[in-house]
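Please keep the sequence and the structure in view while reading.

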Amino acid sequence: MLLQIALRKKASALTALVTAAAMVMAPFSAARAQDGGKGPPILRDTETEQLLREYTRPILRVAGLEKQNIQMVIINDSSFNAFVADGRRIFVNYGAILQSETPNQLIGVLAHETGHLAGGHLSKLREQLANAQTQMIIAMLLGAGALAVGASRGSSSTNNGLANAGAAAISGPQEMIRRTLLSYQRQQEENADRAGVKFLTATQQSPRGMYETFKRFTSESLFAARGADPYLQSHPMPAERVAALQEFASTSPYWDKKDDPALQLRHDMVRAKISAFMERPELVYRRYPLTNDSMPARYARAISTYLHGDLRSALAQIDALIAVQPNNPYFYEVRGQALLESGKPAEAIAPLRKAVALSNNSALMEMLLGQALVGTDNKAYTDDAVRILRAAVAREPEAPIGYTQLAMAYGRKGDYAEADLASAQAAYLRGDNKTARELATRAKTRFAVGTPGWVKADDIVASKPPRN
């Protein structure tokens, strides 16, 4: 978890800390951020999310958080970072996944973030920030009083002394409180490191990956930190932190344990997929040249090929992958997605049905299948689309795309009350509250008063926009 308390040259410490407190305390809405909201942009992918859940499940279990329904959220950011912000989610930049060469390296980062959750660091930091604001308000009031006395008595040297004392009464406590907060957060980071190693050891996993990741970034940050005041760093000085981590992590009996080859392959497949979707094709081909005949390389090239317009070649490459792993749902998903995005929804239905079946009814894949069914303009598929999409949004209630496709399916069926309600739900999840209330108001006129649809529409009409 990284909380940066940045001070502008002309901003007071109080302003900076109040701003930082607001950032920490603001609720984060993944659903709104996903589709044009004001939060960070979120990426959704069944394969990647499933792998992250498998990485965190044993760690959350030993941390006593297994029943807390902690969610993994992928942020559309290429930098290496992971953090917790609301006590219910672990956020991971796609860059952290892409840059982690082994499962153990990424698992180590996730164990560290679990340490923040298990330690209740978010709520404790909020308390510290609230206390700091109170202390600084008192200091400012006392200092302002001295300044006022000095000003009211004219401009003698004595009065100037009172004014200077008032200024010192404001700035001194602010600086002390600021350093105290930063020191407190450095201690939280150290505690999360130790907790992460404890969780890895308890699950018989190596903490070497955590150490390797932090050590890797030490050299990158040492130059920037050279000459810096260690008490002004929100995290411990890198070299000191890594040295401390190595000291207690290397005592783990599982220090030299290697990742399972099958897990390493899945990890590499996900990294290849992320590279193909998120990076320019020339970079994808530098990472995965034609001379590389591994499954991850072939996966990356197949996806990149369809994304950049050569559908026939992409389908041939995907079919070759399916021939090697005929029960891999993600290959069928990519095949269906390639066809759907190339304007062939009818042809996308069969591979997407296969993907849904092999994935044990993944909600995100069901939404893609529903989109294909709706996209055919064939009314014979309408009831099937409604059934599939209703099941999908029941399990993924924060995905706007599911409600958007459901609204189209209901509209095709002539059920305009349900179509308006689904459209209102999609707009609400996108953060478009004005449109959501307008559509929900219209939906209320189409439903009988007191029916489930009417109640849902009324809830949207009466809802207040989430705070930002």
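How many residues lie between β3 and β4 in the hairpin that they form? There are four residues between the two strands, and Gly 87 in the turn has a positive phi of about 80°. The model is a predicted one. Its chain contains 21 helices and four strands, and 47% of its 468 residues are buried.

**Confidence of the model**

- The average pLDDT of the chain is 80, and 72% of the residues score at least 70.
- Over residues 1-37 the pLDDT stays under 50, and the model has 82 contacts beyond four places in sequence for this stretch.
- Residues 165-170 also have a pLDDT that stays under 50, with twelve contacts beyond four places in sequence.

- Strand β4 covers residues 89-93, and five of its five residues are buried.
- Side chains in a regular strand alternate between the two faces of the sheet.
- In β4, Arg 89, Phe 91 and Asn 93 point one way, while Ile 90 and Val 92 point the other way; all of them are buried.
- Strand β2, residues 71-75, runs parallel to β4 and is joined to it by five bridges.
- Within this pairing, Ile 75 has Asn 93 of β4 as its bridge partner.
- Strand β3, residues 82-84, pairs with β4 in the antiparallel sense over three bridges.
- Here Val 84 stands opposite Ile 90 of β4.

- Beyond its neighbours within four places in sequence, Phe 331 is in contact with Met 269, Met 295, Tyr 299, Ile 318, Leu 321, Ile 322 and Gln 325.

**Aromatic pairs**

- Two values describe a pair of aromatic rings: the distance of the centres and the angle of the planes.
- The model has four aromatic pairs.
- One of them is the stacked pair of Phe 83 and Phe 91, with 5.0 Å centre to centre and 10° between the planes.
- Both Phe 83 and Phe 91 are buried.
- Tyr 211 and Trp 255 form a tilted pair, with 5.8 Å centre to centre and 50° between the planes.
- Tyr 211 belongs to helix α8 (residues 208-225) and Trp 255 to the loop between α9 (238-249) and α10 (261-278), so this pair ties together parts that are 44 residues apart in sequence.
- Tyr 211 has a relative accessible area of 11% and therefore counts as buried, the limit being under 20%.
- Trp 255, at a relative accessible area of 13%, is buried as well.

**Charged groups over rings**

- Arg 241 lies over the face of Phe 214, at 4.6 Å from the ring centre.
- Lys 354 has its charged end over the ring of Tyr 332, 6.0 Å from the centre of that ring.

**Links across the sequence**

- Among contacts between residues at least 6 apart in sequence, 63% join residues at least 24 apart.
- Asn 104 is part of helix α5, residues 103-118.
- With 8% relative accessibility, Asn 104 counts as buried.
- Which residues does Asn 104 touch, not counting residues up to four places away in sequence? They are Ser 206, Arg 208, Gly 209, Met 210 and Asp 259.
- Glu 398 is located in the loop between α17 (382-395) and α18 (400-413).
- Is Glu 398 buried or partly exposed? Its relative accessible area is 35%, so Glu 398 is partly exposed.
- Glu 398 and Gln 425 are 27 residues apart in sequence, and their C-alpha to C-alpha separation in space is 9.2 Å.

Key: Residues are numbered from 1 along each chain as its sequence is written. Side-chain values use heavy atoms; hydrogens and water are left out. Contact means heavy atoms within 4.5 Å. pLDDT is the predictor's confidence in each residue, from 0 to 100. Rings of Phe, Tyr and Trp (its six-membered ring) pair if their centres lie within 6.5 Å; planes under 30 degrees apart count as stacked, over 60 as edge-to-face and the rest as tilted. Buried means under 20% relative accessible area, exposed over 50%, partly exposed in between (1.4 Å probe, protein chains only). A charge sits over a ring if NZ of Lys or CZ of Arg is within 6 Å of the ring centre and within 35 degrees of the ring normal. Two strands pair if DSSP finds at least two bridges between them.
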